[in-house]
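The following note sets out points for a colleague who has the sequence and the structure to hand. The points are numbered so that each may be checked in turn.

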Amino acid sequence: MKTILDPYQLNLTIQRLAYEIIERHSDLDNTVLIGIQPRGVFLSDRIAAHIRHLVPSVSIDYGKLDITFYRDDVRSELHEANKTDIPFSIEDRKVVLIDDVLHKGRTIRAALDALLAFGRPDKVELCVLIDRRFSRELPIQPDYCGKAIDSIISQKVRVEWDKEEVVLY
């Protein structure tokens, strides 16, 4: 097992991602953050909290999206459904989708399908903690990336939020 991000590096990376989102979105009132259930929510909770701390004068909308029934493997694997909580419209707004690890791109494709049930956004951006660059099956790339890594297909990346570290094994 190899540590990719230790607790200190993980915290710095989350702060940097929050700063990058603020930097690119001068009008945060028209921006929404949406964490992808289940594992992306741990990251999105922290990014949303950090943005709220940095810019307390702006009330940024934040939601959580369950993609279980939009997955292309929903019939071949057993998935536990989570709760979607998006109490606002995304119509004509800028959406930042947040997930922990970008691997093949299938989760993001499902999230894009699920997102359309809440309106047609002006723009959708992707924020990930870890980008496994060379294992993509779909043409999906992050707009905000904590760390890009090269790994072989048999390796796995796990974000261990209880230990606050990211490991490759």
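Which elements cover the buried residues of α3? The model discussed here is a predicted one, and the points below begin with that question.

1. **The cover of α3.** The buried residues of α3 are covered by elements that include β2 (31–36), β3 (61–65), β4 and β5 (123–132). The buried residues in question are Ile-108, Ala-110, Ala-111, Ala-114 and Leu-115. They lie on the same side of α3, because the arc they cover around the axis is only 160°.

2. **Ala-110.** This residue belongs to helix α3 and counts as buried, its relative accessibility being 0%. Residues up to four places away in sequence aside, Ala-110 touches Ile-67, Tyr-70 and Arg-71. Asp-72 is 38 residues from Ala-110 along the chain, and the C-alpha atoms of the two are separated by 7.6 Å.

3. **Asp-66.** Is Asp-66 buried or exposed? Its relative accessible area is 9%, so Asp-66 is buried, the cut-off for that class being under 20%. Asp-66 sits in the loop between β3 and β4. Not counting residues up to four places away in sequence, it touches Gln-37, Ala-81, Asn-82, Lys-83, Thr-84 and Ala-114. Between Asp-66 and Leu-115 there are 9.5 Å in space, C-alpha to C-alpha, and the two are 49 residues apart in sequence. Ala-114, which Asp-66 touches, and Leu-115 are both among the buried residues of α3.

4. **Val-32.** Strand β2 contains Val-32, which is buried at 0% relative accessibility. With neighbours within four places in sequence left aside, the contacts of Val-32 are Asp-61, Phe-88, Ile-90, Arg-93, Lys-94, Val-95 and Val-96.

5. **The largest pocket.** The space in the largest pocket amounts to about 1000 Å³. Its lining is made up of 35 residues, and those nearest the centre are Arg-39, Arg-71, Val-101, His-103 and Thr-107. Two or more lining residues come from each of β4 (94–102), α3 (106–115) and β7 (157–160). Which element gives the largest share of the lining? That element is α3, with five residues. Arg-71, one of the residues nearest the pocket centre, is also touched by Ala-110.

6. How many residues of each class line the largest pocket? The lining has 14 charged, 12 nonpolar and nine polar residues.

7. **The cysteines.** A search of the whole structure for disulfides finds zero. Cys-127 is in no disulfide, and the nearest cysteine sulfur to its own, that of Cys-145, is 8.6 Å away. Cys-145 likewise is in no disulfide, its nearest cysteine sulfur being that of Cys-127. A disulfide requires the two sulfur atoms to be within 2.5 Å, so the separation of 8.6 Å rules out this pair. As to accessibility, Cys-127 is buried, at 0%, whereas Cys-145 is partly exposed, with a relative accessible area of 22%.

8. **A cis peptide bond.** Where is the cis peptide bond? The bond joins Gln-37 and Pro-38, and its omega is about -5°. Pro-38 is located in the loop between β2 and α2 (40–54).

9. **Positive phi angles.** Asp-92 is not a glycine, yet its phi is positive, at about 60°. Asp-92 lies in the loop between β3 and β4 and is exposed, with a relative accessible area of 52%. Glu-164, also not a glycine, has a positive phi of about 55°. The place of Glu-164 is the loop between β7 and β8 (165–168), and at 31% relative accessibility Glu-164 counts as partly exposed.

Definitions and conventions. Residues numbered from 1 in each chain as written. Predicted model: local features only at pLDDT ≥ 70, side-chain atom pairs only at ≥ 80, totals over all residues. Heavy atoms only, no water. 1 Å grid on protein atoms, 1.4 Å probe; cavity = no way out; pocket = protein on both sides within 12 Å on 5 of 7 lines; lining within 4 Å. Points joined across faces, edges and corners; volume = space filled by probe spheres on them. Helix = DSSP H or I, 4+ residues; strand = E, 2+ residues; numbered from the N terminus. Nonpolar A, V, L, I, M, F, W, Y, C, P; charged D, E, K, R; others polar. Buried < 20%, exposed > 50% of the residue type's maximum accessible area, 1.4 Å probe, protein only. Arc of directions from axis to C-beta. Contact = heavy atoms within 4.5 Å.
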